[in-house]
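Hi there,

Here is the structure I promised to pass on. Have a look at it first, and then read on for what turned up.

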There are 2 protein chains.
Amino acid sequence: MMYTIDFEPIGRRVTAQEGETILQVAQRGGVGLAAVCGGTGTCGRCLIQVMSGRASPITENERKRIKPDRAAQGFRLACETRVHSDLKINVPPSSLTTAQRTQVEGRELDVRCDPVVHSYDVQLDPATRQDLRSDAARLCDRLQEQGLGCLRVDLSAAQRLPGILRAHDWQVTAAVIRDKVVAVLPPRNPPLGIAVDLGSTKVAGYLVDLTNGETLAAHGMMNPQIAYGEDVMARLTYVLQNADGARQLQAVIVAGLDKLARTLCQKADQSSEDVVEAVIVGNTAMHHLLLGLPTQQLGAAPYVAALSEPCDLMARDVGLTFAPDIFIHILPNIAGFVGADHVAMLLGSGIYKAQDVVMGLDIGTNTEVALKVGDRLLTCSTASGPASEGAHIRDGMRAGPGAIERVWMKDQQVAYQVIDDVPPVGICGSGILDAVGQLRKIGLLSDLGAMALDHPRARPGERGPEFVLVPRYESGNEHEIVLTREDVSEIQLAKGAMRAGAEVLMQEAGIAAGDLDRIVIAGAFGSYIDVRNALRVGMFPPLPPERFDQVGNAAGVGAKLALISAEQRALAQEIATNAEYVELTNDPRFTLAFTEAILMPSLDVDSIF
Amino acid sequence: MMYTIDFEPIGRRVTAQEGETILQVAQRGGVGLAAVCGGTGTCGRCLIQVMSGRASPITENERKRIKPDRAAQGFRLACETRVHSDLKINVPPSSLTTAQRTQVEGRELDVRCDPVVHSYDVQLDPATRQDLRSDAARLCDRLQEQGLGCLRVDLSAAQRLPGILRAHDWQVTAAVIRDKVVAVLPPRNPPLGIAVDLGSTKVAGYLVDLTNGETLAAHGMMNPQIAYGEDVMARLTYVLQNADGARQLQAVIVAGLDKLARTLCQKADQSSEDVVEAVIVGNTAMHHLLLGLPTQQLGAAPYVAALSEPCDLMARDVGLTFAPDIFIHILPNIAGFVGADHVAMLLGSGIYKAQDVVMGLDIGTNTEVALKVGDRLLTCSTASGPASEGAHIRDGMRAGPGAIERVWMKDQQVAYQVIDDVPPVGICGSGILDAVGQLRKIGLLSDLGAMALDHPRARPGERGPEFVLVPRYESGNEHEIVLTREDVSEIQLAKGAMRAGAEVLMQEAGIAAGDLDRIVIAGAFGSYIDVRNALRVGMFPPLPPERFDQVGNAAGVGAKLALISAEQRALAQEIATNAEYVELTNDPRFTLAFTEAILMPSLDVDSIF
């Protein structure tokens, strides 16, 4: 029996079979429904409202997670609700993964444009009865006359060559990588490249003119794999539990990258036929899911990659269609949880070549920490959890319209700033960090994170004290926004993990926090946070705020550098080879540091620094 | 309006639109209907019989080509008959391209098996917390310990590696080409290779054990592109006249090769997962159509290839699915009409390394002629036409069941041999050559090819004298088989072209026919012909029959050699580079030689040799 499921307010209609879960239907229909836990019923993020029709009865698990009044309104978990008739489903904004703010810009480094792909405008002699060389041989011979040791023409270039030569009086622009003509273009078209930072949450793309390194367009989007699990582990679990899961996850990201590339070309009014190479960086799991590499061994101890080395492939090899015949260079990974995105961040932030003592953090669900001291480059990865994305937080949400992104408190006053200046519906990562930092500042949180009740906005909650950031009467949408003791714990665990990773690296290098000349914070969350509040909660070693450097999407910048500079690409390989990976699992130093790091520091940021 | 078209006796039902031609419907439905001319209404081979339903009225062109009594029976040309209702169509065997005899065997050369792909059985150390190398790095490191400069693992091998390692106690067989692991197999599985001779008419495939060079299975099939045009030029015309033609022709041959490869694996009870490389040879047009290279410049003067150089690609690059991740090596072409199949023939027949003076002919619609004298290797291509395939002959057909393949005449007696010993329905290439040779022997043909009438079987026909090979009363199927004066002319043109090509090469090399130590005849037609009859019609320079060597499918043997021996593959490249191509178009020597060569020689084969 087939049914029709209408998803509102986004207005998508999807066909469903008897007994399917709403989450399955949403995923198949491209409805970007949040599923942090991969549909295992444990995260509670896929909350939807059944408006009409007959669904399976509410489960025990749902009763625990959904308040009786909400349940009475038809609120359900999409992963546990099964279809028994046509349904109308309301998807609250907080359950949607789309329309989020993505950050693509990062601080640029000044690097000479000297890409791996070189281009040559050449004029060939026409074929005659006396000169019957193939078009490909004719091109290679001319390039050799110009001093190139060019021996081969890639099949896709050979397919396009005869048409271009005969349409343009035997003139052509040849794009050459090492000894291979990888693409041919109409004469004098500049070859273009695309750099992509493929994050678990956000994907940033850049269209670059390979003759001068100029960025012609930049664009960000959410990773559509989010619908299958919000973090890396949830997606690896999805693959493990669904026979076709790996193929599904590959297909959605490939479709997403196709769309991203087309958007970039449209924005810059360029033809995808002129794109000759792309560089993609991502964490090891994103890398494996994109390349169709098995992930089972990546998700279980000792967490090893199938392939970590840099690799060159054709776009079509992974099913990309926007320019199927271009070469794609994938930067190398360092370890199972320190991927090419971190390599690109170390490249794009300049940390790898830094002469001073620098710590670098790329904050996300996994936070990679790096420490550059002299010739040594130490890296580790810490499971900081999804709090920075607003997940596992009662009223948390991604950084999209309606999210509180800044919080200020003074005595009994509370002020906040909402993305897009609309009535607030939740609180995103930077807002949560601010709220906890400000609560600590006004003295409402103990060293252990316990919340006192001596504030008009503080009150006892079902599961401990909670703080009303936005009272119902004030929100403008009848929506109360509350920070709970448990939310504070999430931040403590997250910052504790990052901080403990940083401490272990400093121990490994034999330095103290005071020896750090700089702390570089990369990534979207890292760009939006207020460093003073981060210091108040003890996220970073206590250093004056001016030693912190928020560089934006350094991984994207690194991907661009590897695209426009052969030298930078070689450096990326060097980074992957030379980085010393420190495995924190089962490291007693980490356990000890973590126990301390979850505490709130006694630090008067305003007076000390 | 949609109609249903039933093709009998093969029993295929295809949906058609109002106004489509029967040929279009047949091609879309995979009915192997002959279309020598590519559907331009000029060859008359796509004869079908409309049994019921309403089709477009008979055309002027059809009136000229179909006798009134046959037309009254509903016989039509499929390319000119349009659908106006549901139809029942009878396809006579002579209009079908399938169920033909294909020749795959060739005389083997003794070559040491030392393929480009090397395989190594290795035992790796399991991944541990102390040893977190990626699976690919682990394999490369072990291979390097064994002295290999192995630096990269192909993506497809990396995809399969983690599964094999963990299922087989970290043992694996790695197939390595140069510095790349191209495939990984369960431990101790011998890597397999496939060699393919991709002819315009016939396709021969061989499954080979790459550890010892042994052929595990051989299989032949018709080239399914025949339905779009029986010879190379007809197919190039089809591509030129149909926007989607190139993609269609590529798709049918790719599907055919997939089927061939699967059949080979089934025959030998082997898994396609163990196939690691394939070598494909074909003439330049087959090469271009398979690789998706443009053919417009190949079909018009000065007839140049897009790509002639040897190339390596992945099976998936051309859409092959039986083993999408294997490497395919394509041997080089010599010129627009001297392709990789001729290179393979020169390799497989041993001509290239011959110390004596040897001429080699690969007879087909285009006949390639080569001459090896000392260090020189001369080649040319002659448009000998499709008579050797039974085309352009009144009662001609391919070498399939019911075809007369041998003819003997003595005085007034005529004897013949039919393939599969069924009642004769037509005459194939070797039979036609026999018939003309025997008619010359019994004195019924003049030097010019004029047919005398002083024989009980000779009679005046509509367009000159004709000879009844099989009278209606004798055939057993009411089917009269006749050789016309025009058929004799076809043979004269065909053999004249080959012979003139041979003469020009001898002039170019400065030798006379008597200097030839051997004439090597390759290919299916060349294997089945009676050399004495070929000498009687003057197809070859007059030499004693014992100097002729019918070697079978030497191109297939050559493809196999390039598969099992890196040295032989390098020789193939050397052949393509060193062969001197002699362009016959507009060569006055050719015109002169051709004028002489179309005459019948005065040669008493039986008494002279």
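**What turned up**

In chain B, strand 18 (residues 376-383) and strand 27 run parallel and are joined by two bridges. Please keep in mind that this is a predicted model. Across from Tyr581(B) in strand 27 of chain B you will find Thr379(B).

These strands belong to an open sheet of six strands in chain B, with mixed pairing and the order 26-25-16-17-18-27. Which strands stand at the edges? They are strand 26 (548-552) and strand 27 (580-581) of chain B; each has a single partner strand, so one side of each is left without a neighbour in the sheet. Helix 12 (residues 485-509) of chain B packs on this sheet, where it touches strand 16 (358-362), strand 17 (366-373) and strand 18 of chain B. The direction of helix 12 of chain B makes about 155° with that of strand 18 of chain B.

Next, the aromatic rings. Searching the whole structure gives six aromatic pairs over all chains. One of them is formed by Phe540(A) and Phe548(A): the pair is tilted, with 45° between the planes and 5.3 Å centre to centre. Phe540(A) and Phe548(A) are both buried.

Another pair, Phe590(A) with Phe594(A), is stacked, at 5.9 Å centre to centre and with 15° between the planes. Why are these two separated by about one helical turn? Because Phe590(A) and Phe594(A) are four residues apart in helix 17 (residues 588-597) of chain A. Phe590(A) has a relative accessible area of 18%, so it counts as buried, under the 20% cut-off. Phe594(A), with a relative accessible area of 24%, is partly exposed.

There are also arginines placed over rings. In chain A, the charged end of Arg70(A) sits over the ring of Phe75(A), 4.2 Å from its centre. In chain B, Arg70(B) lies over the face of Phe75(B), and here the distance to the ring centre is 4.1 Å.

Finally, the place where the chains meet. How many residues of chain A are in contact with chain B? The count is 36 residues of chain A, in contact with 36 residues of chain B. The size of an interface is often given as the accessible area lost when the parts come together. Between chain A and chain B, the buried area is about 3000 Å², and carbon and sulfur atoms give 64% of it. On the chain A side, Arg129(A), Leu132(A) and Leu155(A) lose the most area to chain B, together 20% of what that side buries.

Best wishes

Key: Residues numbered from 1 in each chain as written. Chains lettered and ligands numbered in written order. Predicted model: local features only at pLDDT ≥ 70, side-chain atom pairs only at ≥ 80, totals over all residues. Heavy atoms only, no water. Phe/Tyr/Trp six-rings, centres within 6.5 Å; stacked < 30°, edge-to-face > 60°. Buried < 20%, exposed > 50% of the residue type's maximum accessible area, 1.4 Å probe, protein only. Lys NZ or Arg CZ within 6 Å of the ring centre and 35° of its normal. Pairing = 2+ DSSP bridges. Contact = heavy atoms within 4.5 Å. Axes fitted to C-alpha atoms, helices over the stretch in contact; angles between N-to-C directions. Buried area = accessible area lost by both parts, 1.4 Å probe.
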